[in-house]
Amino acid sequence: MVTILLGDPAVQSYIVYSAVLGMKMFAVTFLTTKVRVSKKVFANEEDAKSAKGKVKFDDQDVERVRRAHLNDLENIPAFWVLGALYLTTGPSAFLATTLFRLFAAGRIIHTIVYAVTPLPQPARGLAFGVPMFINIYMGFKVIQTYASAL
Ligand SMILES: N[C@@H](CCC(=O)N[C@@H](CS)C(=O)NCC(=O)O)C(=O)O
C-alpha cells in the first residue's frame, strides 16, 4: 500500500517540492543571520554582546528578510497541508506536478524579489499571487470532493 502510494509520480512530486520549500525556508533563516551579522544588528542582548553589535528592532534590511520569512510561514505550511489533501482527490500526475512546481517556483521568486534583490512591484505581487491561487484552488478541490459526503 505504502509502496503503491510512494510510487505515484504526483506523490513523489509533492514530496520533492515540499522538501524544496522546507529547505528554502531554512535558506531564509541563514539569510537573516547573514544580514544580522553583516550589519551587527541583533534581537537579543547576549547575541549583540558576543558579536560586538547592538540590539535594534527596526533595521530595514533585517526587517525585510524577516517579513519575507513571515510571508513564507503564512503560505508554505498551508501548501504542505492542502497539497497532501489535494493528492487524495485523484488529480492527474501532470496537473499536480505542474501546480507543485509553479508553487515552489513562485515562493522562491518571492524570496528573491523581496529579500535578496528587491524589485519593484508587481514582481512580488505576482510571485505571491500565483502560489496563493494554487493553494486556494487545491483547497476548493478538496472541499468540493469531500463536502458531498457530509
Ligand atoms: N501578511 C501579508 C498579507 C498580504 C500578502 O502576503 N501580500 C504579499 C504580496 S504584496 C506580500 O508579499 N506581502 C508582504 C509581506 O507579507 O511582508 C502582508 O502584510 O502584506
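## Around the ligand and into the core

A polar side-chain atom of His110 sits 2.8 Å from an oxygen atom of the ligand. Keep in mind that this is a predicted model.

| Residue | Side-chain atom | Distance to a ligand oxygen atom |
|---|---|---|
| Asn71 | N or O atom | 2.7 Å |
| His110 | polar atom | 2.8 Å |
| Tyr114 | polar atom | 2.7 Å |

On its own, the ligand has 450 Å² of accessible area, and the protein covers 59% of that. So much for the polar contacts; now for the whole shell. The residues surrounding the ligand are Arg67, Asn71, Glu74, His110, Tyr114, Gln121, Arg124 and Phe128. Sorted by class, that makes three charged, three polar and two nonpolar residues. Which helices supply at least two residues each to the shell? H4, H5 and H6 do, and H4 gives the most, with three residues.

Next, the packing. The largest nonpolar core has 18 residues, and the members that touch the most others are Leu21, Phe79, Tyr86, Leu87, Phe100, Phe103 and Met138. Four helices put in at least two residues each: H2 (9–39), H4 (60–87), H5 (93–116) and H6 (123–147). H2 has the largest share of this core, with six residues. There's also a second, separate core of nine residues, with Val35, Val65, Ala68 and Ala115 among them. As a general rule, nonpolar side chains in soluble globular proteins tend to be buried together.

Setting aside neighbours within four places in sequence, Phe100 is in contact with Ala10, Ser13, Tyr14, Tyr17, Phe79, Gly83, Tyr86, Leu87 and Met138.

Tyr17 is part of helix H2. Is Tyr17 buried or exposed? Its relative accessibility is 16%, so Tyr17 counts as buried, the cut-off for buried being under 20%. Again leaving out neighbours within four places in sequence, Tyr17 is in contact with Phe100, Arg101 and Ala104. Asp47 is another matter: Tyr17 and Asp47 are 30 residues apart along the chain, and their C-alpha atoms are separated by 34 Å.

Most peptide bonds are trans, and most residues other than glycine have a negative phi. Where does the chain have a cis peptide bond? Going from Gln121 to Pro122, the bond is cis, with omega near 15 degrees. Pro122 lies in the loop between H5 and H6, and Gln121 has already come up as one of the residues around the ligand.

Then there are two lysines to check. Lys40 isn't a glycine, yet it has a positive phi of about 55 degrees. Lys40 is in the loop between H2 and strand S1 (41–42). With 40% relative accessibility, Lys40 counts as partly exposed, because that class runs between the 20% and 50% cut-offs.

Lys52 also has a positive phi, about 55 degrees, without being a glycine. You'll find Lys52 in the loop between helix H3 (45–50) and strand S2 (54–55). Is Lys52 buried or exposed? Its relative accessible area is 72%, so Lys52 is exposed, as that class begins over 50%.

Technical notes
Residues numbered from 1 in each chain as written. Predicted model: local features only at pLDDT ≥ 70, side-chain atom pairs only at ≥ 80, totals over all residues. Heavy atoms only, no water. Core = buried A, V, L, I, M, F, W, Y, C linked by side-chain atoms within 4.5 Å. Buried < 20%, exposed > 50% of the residue type's maximum accessible area, 1.4 Å probe, protein only. Contact = heavy atoms within 4.5 Å. Near = heavy atom within 4 Å. Polar contact = N/O pair within 3.5 Å; in protein donor to acceptor, adjacent residues only side chain to side chain. Areas by Shrake-Rupley, 256 points an atom, 1.4 Å probe, with all protein chains shown as cover. Nonpolar A, V, L, I, M, F, W, Y, C, P; charged D, E, K, R; others polar.
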